[in-house]
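Please examine the sequence and the three-dimensional structure shown below. The paragraphs that follow lead through selected parts in turn.

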Amino acid sequence: MLELNQISKYYNPGTINETCLFNHFNLTIQDGEFVSVVGSNGSGKTSMLNIICGSIPIEQGQIILDEKNITNLKEYKRQQIIGRVYQNPSMGTCPNMTILENMSIADNKGKPFNLMPGTNKKRIDFYKENLKKLNLGLEDKLEVKVGSLSGGQRQAMALLMSTLTPIRFLILDEHTAALDPKTAEIIMELTDKIVSEKKLTTIMVTHNLRYAVEYGNRLIMMHQGEAIVDKARSEKANIKVEDILDRFNQISIECGN
Amino acid sequence: MLNILNSILVEGLIYAIMVLGVYITYKILDFPDLSVDGTFPLGAAITAILIINDVNPYLTLLVSFLIGAFAGMITGIIHVKLKVRDLLAGIIMMTALYTVNLRIAGKANVAFFSKDTIFTKNFLTSFFAEGSEKVIRLVLIIIIILLLKLMLDAYLRTRSGYLLRAVGDNKTLVTTLGKDMGFVKIVGLSLANGLAALAGSVYAQKQGFFDITMGTGMVVIGLASVIIGINVFQSFHFVKATTAVIIGSILYKGCVALAIGIGLGANDLKLVTAVLFLVILVFTQEKRRKVNKNA
Ligand SMILES: Nc1ncnc2c1ncn2[C@@H]1O[C@H](COP(=O)(O)OP(=O)(O)OP(=O)(O)O)[C@@H](O)[C@H]1O
Ligand SMILES: [Mg+2]
C-alpha cells in the first residue's frame, strides 16, 4: 500500500514566482490497483508521479510505502522497486547501446553492477522470447543500436525493460502519447497484458479518456492539484467516456472559460 | 626520418594512455574533465620521487595509477556531492594539484637520468641486437597500450562498464534502474585520471625527468585526439572506439610534429596544439552538451 499523506508542494519556494501546486494532498493506492489518472494540462499529474518517485522534493507531508516512511529516501533507491516509463520514448532506453545490451542492463536491475559480464549469454533466449511478444521483429535485431529504432519501437522496449525484473510499482506517464494510434493501441494492450500477468500495482497517466475508462480498476481525475474524481472497482466499471468529458467541461465553466 | 617517426609514435602512444582516459570522461560520460592537466604531471612527480628512491619502475606505474585515480575520485566527489559544475570541479582539482605536484617533487624540475626505468633493462633487451634502444622503447610502449586497451574493452563489457556507458547515454535510465548515477561518474573519473597519471609516469620515465609544466595542454591533446580518432573512423564500424582514439593520438602528434617541422619552433608548441584543436573542432562540428531533461 502506498500512501501520500498531507503532501504540500510549492514550485519556486521563497521567490516571487512561488506557486502552490499541492496543498495537503492525500492519496492511498492499494496493492493490485491499476489506477488511470486523467486531468487537464498543468493539473499536477506528472508532479504527483515525480513526488512518488522522489524526482522532486516536497515541502510538507509524508510518503508511506508498506508502513515505511520513504519521504527522505533518494530517488535512485526508490526506483529499485519501481518501474517507470516516460512520455518521451527516448527516456527509457540507451540509444548508443544495442537492443541486447539494453535488455541486459534492464535485466540487471536490482543486481550489483560489478565486473561480471554485462550480458549473460544464457539469458539471450529469454530476452528474445520477451521481445517476440512485442510483435515488432526486434528479436532478430539484437545487435542493432536502439537509437536507430522508431519512437514506438523504443517505447515498446522501454515498457518491456521497465517490467523485466520484479517490481513493486509500475509508473506510466502518458506512455502512449507520442505514438501513432495503431502503435499506441498495441502498447496499451501490451501494458494491460503485462500488468495483469505480473499483477503489478500501476499508476497510468493518460490524456486518452477511452484508455482511462477501458483499462484499470480505478480512475482519478486531477484538477489544480486535487483529485476531484476518484472511482474504484464497480463504480469505475460503470464510468463512460461521456461522464468524464462532462466533468471536464464543467471544470472549464467553473474556471470561467 | 626514421627517428622522427619513432618519436612521433612513442609520444603519440604514451599520450594515448591518457587519451583512453579522456575518451571515458568526454565521450562516454559526457564530462569535460580538466583535472587531467594536473593528474598527468602528478603521475610524473610520483614517478620521479619513487625512482630516485630506487623503487621498482613497474611498481611506480601502479602507484601512479592508484594515486591518479584517487585524485579523479576527488574531482568526482566535488562534482557529485558538492554539486559543483563539471568544468569548475576540474579547474579546482587542476589548480590544487599544481601545489600538490610541487610538494611531492620538492621542486619544479627533478631529473633521474642515471636511474633505471622501465625503458632501461627490461625483458625485451634479450630479443634485440645491441643499440636498438629506440626500437625496444617503442615495442614496450606498444605492449603497454595494447594491454590497457584490451583491459578497458573488457571492462566496458562488464555490468559496471555497461552502467558507465548508460550514464553518458541516458542518465534518466540509470536512475530508473535504481542506480546511483553520481557513484558511476566518480568511478569513471577515477579510471580516467588513473590513466592520465599512468601516462605521466611513462612519459617521465621516457624523459628521465619530471617538470611541473608537463601537464599544460593535456586536456587539449586528449580532447583533440579523441575527436580526431572518433571522426576519422566514424564510418568504419569494425574499428573499436578505443582503437580509434589511440590512432587519433598518433595522428594528432603527427600533425603537431609536422607543424613544428615546417618552421615553427619548439616554443610555439602550445600555440600549435591549441590552433590545431580549434581547426579540428570547426572541421568536425563537434556538438557538445546533449541536454536531456525530465518531461
Ligand atoms: N519545474 C517547475 N517549476 C515551476 N513550476 C512547475 C514546474 N513543474 C511543473 N510546474 C507547474 O506545476 C503545475 C503542474 O505541472 P505538471 O507537469 O505536474 O502537470 P501535468 O498534469 O503533468 O500536465 P500535462 O498534462 O501537461 O503533462 C503546472 O502548473 C506547472 O506550471
Ligand atoms: Mg505531465
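**A guided reading of the structure**

Thr242(B) has its place in helix α10 of chain B, residues 241-261; helices here are DSSP runs of H or I with at least four residues, strands are runs of E with at least two, and both are numbered from the N terminus. This is a predicted model, in which local features need pLDDT of at least 70 and side-chain atom pairs count only at pLDDT 80 or more, while totals for chains, interfaces and linings use all residues. Residues are numbered from 1 along each chain as its sequence is written, chains are lettered from A and ligands numbered from 1 in the order in which they are written, and side-chain values use heavy atoms, with hydrogens and water left out.

Is Thr242(B) buried or exposed? Thr242(B) counts as buried because its relative accessibility is 2%; buried means under 20% relative accessible area, exposed over 50%, and partly exposed in between, with a 1.4 Å probe and protein chains only. The side chain of Thr242(B) is joined to that of Asp153(B) by a polar contact of 2.7 Å, and to that of Lys149(B) by one of 3.1 Å. A polar contact is a pair of N or O atoms within 3.5 Å; within protein, one must be able to donate a hydrogen and the other to accept it, and residues adjacent in sequence count only if both atoms are side-chain atoms. Not counting residues up to four places away in sequence, Thr242(B) touches Leu20(B), Tyr23(B), Lys149(B), Leu152(B) and Asp153(B); contact means heavy atoms within 4.5 Å.

Attention now turns to another helix of chain B. Helix α6 of chain B, residues 159-169, is largely enclosed by the rest of the structure, because eleven of its eleven residues are buried. Among them are Arg159(B), Tyr162(B), Leu163(B) and Asp169(B). The cover over the buried residues of α6(B) includes α3 (99-107) of chain A, together with α1, α5 (133-156), α7 (171-176) and α8 (181-207) of chain B. One residue of helix α6 of chain B is Ser160(B), which counts as buried at 15% relative accessibility. Leaving aside neighbours within four places in sequence, Ser160(B) is in contact with Phe113(A), Asn114(A), Leu115(A) and Tyr155(B).

The helix of chain A named in that cover can be read in the same way. Nine of the nine residues of α3(A) are buried, so α3(A) is largely enclosed by the rest of the structure. Its buried residues include Ile99(A), Glu101(A), Met103(A) and Asp107(A). They are covered by elements including α4 (124-132) and α5 of chain A, together with α6 and α7 of chain B.

Which residues touch the most other members of the largest nonpolar core? Of its 118 residues, these are Ile99(A), Met103(A), Leu131(A), Met157(A), Ile17(B), Phe210(B) and Tyr252(B). The largest share of this core, 14 residues, comes from helix α1 of chain B, residues 2-28. A nonpolar core is a set of buried Ala, Val, Leu, Ile, Met, Phe, Trp, Tyr and Cys residues joined through side-chain atoms within 4.5 Å. Leaving aside neighbours within four places in sequence, the contacts of Phe210(B) include Pro41(B), Ala44(B), Asn101(B), Val110(B) and Phe112(B). Another core lies apart from the largest one and has 26 residues, among them Leu4(A), Ile7(A), Val35(A) and Met222(A).

Gly151(A) is found in helix α5 of chain A, residues 151-162, and counts as partly exposed because its relative accessibility is 30%. Gly151(A) and Pro89(A) are 62 residues apart in sequence and 5.5 Å apart in space, C-alpha to C-alpha. Lys77(A), in helix α2 of chain A, residues 75-78, counts as partly exposed at 39% relative accessibility.

The last stop is the ligand. Ligand 1 is surrounded by 13 residues, the closest being Asn41(A), Gly42(A), Lys45(A), Thr46(A) and Ser47(A); a residue is near a molecule if one of its heavy atoms lies within 4 Å of it. An oxygen atom of ligand 1 is 2.7 Å from an N or O atom in the side chain of Thr46(A), and a polar side-chain atom of Asn41(A) lies 2.9 Å from an oxygen atom of the ligand. Helix α1 of chain A, residues 45-53, gives the most to the shell around ligand 1, with three residues.
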